[in-house]
Amino acid sequence: MEGEEQASIWNKETVPKVMKIVSTRLSQRDLISLLLLNPWLHRTLISYPSLWLTIDLREMNNVGDRLIAALSLPRYHHVKQIILEFARDIDDSHLQVLKNKCLDSLQGLESLNLNGCQKISDKGIEAITSCCPKLKVFSIYWNVRATDIGVKHLVKNCKYIVDLNLSGCKNLSDKSLQLVADNYQELESLNLTRCVKMTDSGLQQVLVKCSFLRSLNLYALSSFTDEAYKKISVLTHLRFLDLCGAQNLSDEGLSCLAKCKKLVSLNLTWCVRVTDVGVVAIAEGCTCLEFLRDEAVMIYSSCSHI
């Protein structure tokens, strides 16, 4: 009898105290496993809403059905972040079901990662973004099915995007950049890696209108010229800039970037036209620079040592 009483005290008092400390350091998968151990753990963990603000299903199987099941549970009704990175089986039909059955659970979503989900098309983007009016972070890296129509749905449904990753979406054109420029003037981070259909004209629209950009990734884009690169100088808040593979960037264009006084990280790998002249201009102008990568050599500096 005494043993049962001690066990009850342990479950009612000790377990909640311990789990309150430990649970914040556990992965979501571990937390879900703990739910199955005993009723006390289940009740304790469910009572902490902050533990269920993220759904992380990256690289898992049967993700579409798992996500629908999760969002049907009361504990995920206030989810803020969903990560589906490389969940290859999720497709448009799953996102349409979410729109029809789980709309309320997605109203507060702020971050959505669809990286590598190659079965999702413009229709899926329309369905999921229509559920997330408060979305701030949207990432759809390596999606070859997404077109300018998908970006049109995004800007229509989600007005507060500040972090946008379109890396590898090779079917997006200047139309997408125009939509971004017109609708996301508070944008802070933009990744256009390998968006090969984009030109100077589209990029310039973004540079002129999205003046709060702090991070700009133009990795592996050889189509841009100095005409666009010079415009980057208007980004007075810019801290991170990746120009790896900018084959048309000259010393003249690079020298203009020296006006980005807050620049901390700059990648110039394989910028084959850049010489010491351009690098010296950057060294003298960007006094906050901490990381510079030039060609195949990585240089770390505090700028006072450049």
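**Figure 1. Surroundings of N113 in the predicted model.** In this predicted model, the side chains of N113 and E85 are joined by a polar contact of 3.3 Å. N113 belongs to strand β3, which comprises residues 111–113. A polar atom of the N113 side chain also lies 2.9 Å from the backbone nitrogen of N115. With neighbours within four places in sequence set aside, the residues in contact with N113 are I82, I83, L84, E85 and S139.

**Figure 2. F86 in the loop between β2 and α5.** The view shows F86, located in the loop that connects β2 (81–83) with α5 (92–101). Although F86 is not a glycine, its phi is positive, at about 55°. The relative accessible area of F86 is 22%, so the residue is classed as partly exposed, a class that lies between the limits of 20% and 50%.

**Figure 3. N62 in the loop between β1 and α4.** N62 is placed in the loop between β1 (54–56) and α4 (63–71). The phi angle of N62 is near 55°, a positive value in a residue other than glycine. N62 counts as partly exposed because its relative accessibility is 40%.

**Figure 4. The interface between domain 1 and domain 2.** Domain 1 covers residues 14–49, and domain 2 covers residues 52–161. The C-alpha centres of the two domains are 26 Å apart. Contacts link 9 residues of domain 1 with 9 residues of domain 2. About 720 Å² of area is buried between domain 1 and domain 2, and carbon and sulfur atoms give 48% of this area. Of the area that domain 1 buries against domain 2, 60% is supplied by Q28, R29 and P49, more than by any other three residues.

**Figure 5. Polar contacts and helices at the interface of domain 1 and domain 2.** The number of salt bridges between domain 1 and domain 2 is 0. Polar contact is found for 2 residue pairs across the interface, with both residues of each pair at pLDDT 80 or more. On the side of domain 1 that touches domain 2, α2 (28–35) and α3 (39–46) each supply at least two residues. Helix α2 gives the most to this side, with 5 residues. By residue class, the side of domain 1 that touches domain 2 holds 7 nonpolar residues, 1 polar residue and 1 charged residue.

**Figure 6. Packing of helix α12.** Helix α12 spans residues 276–285, and its buried residues are G278, V279, A281, I282, A283 and G285. The elements against which these buried residues pack are α11 (251–256), β9 (265–268) and β10 (291–294).

**Figure 7. The whole chain as context for the close-up views.** The chain contains 12 helices and 11 strands. Its C-alpha trace spans about 85 × 45 × 30 Å along the principal axes. Of the 306 residues in the chain, 49% are buried. Among contacts with a separation of 6 or more, 73% are between residues 24 or more positions apart.

Notes
Residues numbered from 1 in each chain as written. Predicted model: local features only at pLDDT ≥ 70, side-chain atom pairs only at ≥ 80, totals over all residues. Heavy atoms only, no water. Domains from an automatic or database assignment. Contact = heavy atoms within 4.5 Å. Buried area = accessible area lost by both parts, 1.4 Å probe. Salt bridge = Lys/Arg side-chain N within 4 Å of Asp/Glu carboxyl O. Polar contact = N/O pair within 3.5 Å; in protein donor to acceptor, adjacent residues only side chain to side chain. Helix = DSSP H or I, 4+ residues; strand = E, 2+ residues; numbered from the N terminus. Nonpolar A, V, L, I, M, F, W, Y, C, P; charged D, E, K, R; others polar. Buried < 20%, exposed > 50% of the residue type's maximum accessible area, 1.4 Å probe, protein only.
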